[in-house]
Each structure stands twice: as structure tokens, then as C-alpha cells.
Amino acid sequence: EAKSQGRNRQIVFEDGMDQAAQLRRALELDLRGALGKGELCLHYQPLVQIDSGETLGYEALIRWEHPERGVVMPDTFIPIAEESGMIIPIGEWVIRQAIDDLTQWPDNMTVSINLSPVQMRSPSLITTLVQGLAATGVEPKRVCLEITENVLMQDSDANMATLHKLHEIGVQIALDDFGTGYSSLNYLRSFPFDKIKIDRCFVDEIDTREDCQAIVRSVVDLARSLGMTTTAEGVERDDQVEHLRREGCSEVQGYLFSKAVPQDQLTDLRKPVHSHAQRL
Ligand code: C2E
Ligand code: MG
Ligand code: MG
Ligand code: MG
């Protein structure tokens, strides 16, 4: 009895791994089965037009419903998926699922999909996207792919070629978390992004800090002169919206409007349902 406990303990505290490394290892093992067991799901957060208050579309944000640990957030498991290569099948599933879900939404709405830099180097990215669009008949411009600045820094010739191929397909490309990476403004010149998403850190205190206002104003002006739109991320208060409107930002996203929720809880989907029409 004592002996078997001791042995168990040895297995758990393998090779002096620290607790964080052990958790990571456990999650990595569980993640291998997660997709097949249907434990991954997409939640959606609205992107709202600042002037009209209209929902333009939704960003897909992945969640892992772990049977024992509860909901695991992407900041915890996406890095593990990237290091283990599992981000490729997971990312393909996200693309297919998000495009499928989009077919349930009004025809003018868009879906935004986050791409990992690892996916950018995968030859299956383009085929998954093309097949997803072809299978559903969804117009490519209704899909927006979000990439971060580090995509432009790593392996930039190959990634730039991929970005151009994606643009040829007709999907939109957004630069996510703008202002947080080590990128230079030069990157904005290197690719015709459709949209810049201004990171939450500049939006957080825009209602109280002049330096944040100045930065947002500059990014909005720059985006506009390059023919790109801007989305402010992490908007939580009405006062922030007022400042963002004043600075000319076109779209807002954040808890003020909604956190990310499962598709069946989206309230702005007013596509007429056949059964309703019959009842009238
Ligand atoms: P992101 O793409 O920049 O997404 C925005 C994150 O900010 C989301 O966190 C969202 O829930 C959160 N957020 C939105 N509004 C507010 C707000 O008003 N206040 C605050 N404090 N936070 C807000 P989440 O869902 O935990 O996702 C974190 C990151 O994980 C995402 O950042 C994205 O980089 C990555 N991610 C999410 N889904 C996927 C996916 O399907 N594939 C890949 N490769 N990455 C994903
Ligand atoms: Mg994003
Ligand atoms: Mg972001
Ligand atoms: Mg982010």
C-alpha cells in the first residue's frame, strides 16, 4: 500500500519537474485527445460599428472544456498546442467550424479567426480555408484572419508569401494586438492589411491618459492613410467609446458589448428562421 503510493508519487513528480512543467505536460497529454472527444469549442465576441452600434460580425475565440479541470483558456493551451504541433489540426478545426457557424448568420456578417504563426508555415492552411469556403459557398470577404506582429518578424519571406496567397483568395487580414510586439511601422508597409486591431493596453486608460489618446489617434490616422480600418480591443466603459469615436476609430470590441459566448447565446443573429416564418 505505502509502496504503491510512493511509486505513484514518483510518477507524478517526475525528474524534479516543477509544478508548472508538470501541469503543462498533463495538459499536453490531455490535449492530444481533446479534439477527437469534442472538448474544444468556439465562443464568439461581437465586433461593433462605433457609429451605428451595429454588430458587424464576431471573433471566434477557442475554449477547451476539460472534463476535470473545467474551461481552459487559450492563453494556457495554445502555446502547448503550438510547441507540440497540435495547433495544426486544432487550427484547421477552428477554420472549418467558424466558417460553418458563419453560414447560420446574416449574410452581411463576418467571422474573425485567429491564426497562430505556426499555422502560417503549414501548407494545409490554404487548402483548409479554400475547402471550407467552397463547401459552404461563403464569400471569402466575410472571413477575416487575425495575425500578430510576430508573424511578420519570423521567417518573413515565407510568411509574406502566405499572406499574399490568402489575400488572393479574397479573405480579409487583420493585424491583431497592434502595438504590443517588437514590430516597426515598416511592417505596415510590407503588406496591405485590411484592418489594424489596437491592443487593449492603449484602450484601457484612453479615457484618462493623454498619451494613450495620442497613440490611438496616430494609429487611426496611419491606418486611414494606408486604407485600413481600425478596431479597438478590450472596450469596457462608455467613456472609452467616446474617446475612440473622437479619435476616429471605426469598430469596437470588448466586455462593454459582450464577452465571448457560445454561438447559441448570440443575440444579434436576426436571420429569419423557417419555422418562425411558418408560425406567422
Ligand atoms: P486576441 O485574439 O487578442 O483576443 C482578445 C482577447 O481579449 C480574448 O481573450 C477576449 O476574450 C479578451 N477580451 C475581449 N474583450 C475584453 C475586454 O473588454 N476586457 C478584457 N480584459 N479582455 C477582453 P481569450 O479568448 O482568452 O483569447 C486570448 C488569445 O488567445 C487571443 O487574443 C488569441 O491570440 C488566442 N486565441 C483565441 N482563440 C484562438 C484560436 O482559435 N486560434 C489561435 N491560434 N489563437 C487563439
Ligand atoms: Mg484576435
Ligand atoms: Mg487581440
Ligand atoms: Mg491577444
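Colleague: How far is an oxygen atom of ligand 1 from an N or O atom in the side chain of Glu59?

Modeller: A polar contact is a pair of N or O atoms within 3.5 Å, and for Glu59 the distance is 3.0 Å. This is a predicted model, in which local features need pLDDT of at least 70 and side-chain atom pairs 80 or more, while totals for chains, interfaces and linings use all residues. Residues are numbered from 1 along each chain as written, chains are lettered from A and ligands numbered from 1 in written order, and side-chain values use heavy atoms, without hydrogens or water.

Colleague: Which elements give two or more residues to the shell around ligand 1?

Modeller: Taking helices (H or I, at least four residues) and strands (E, at least two) as DSSP runs, they are strand E2 (55–66), helix H3 (74–84) and strand E6 (172–178), and E2 gives the most, with 4 residues. Counting residues with a heavy atom within 4 Å, there are 23 around ligand 1, of which Arg63, Asn114, Asp177, Glu236 and Tyr255 come nearest.

Colleague: How many salt bridges are there?

Modeller: Counting a side-chain nitrogen of Lys or Arg within 4 Å of a carboxyl oxygen of Asp or Glu, there are 13. Arg32 and Glu28 form one (3.4 Å, N to O); because they are 4 residues apart in helix H2 (residues 19–34), about one helical turn separates them.

Conventions:
A polar contact is a pair of N or O atoms within 3.5 Å; within protein, one must be able to donate a hydrogen and the other to accept it, and residues adjacent in sequence count only if both atoms are side-chain atoms.
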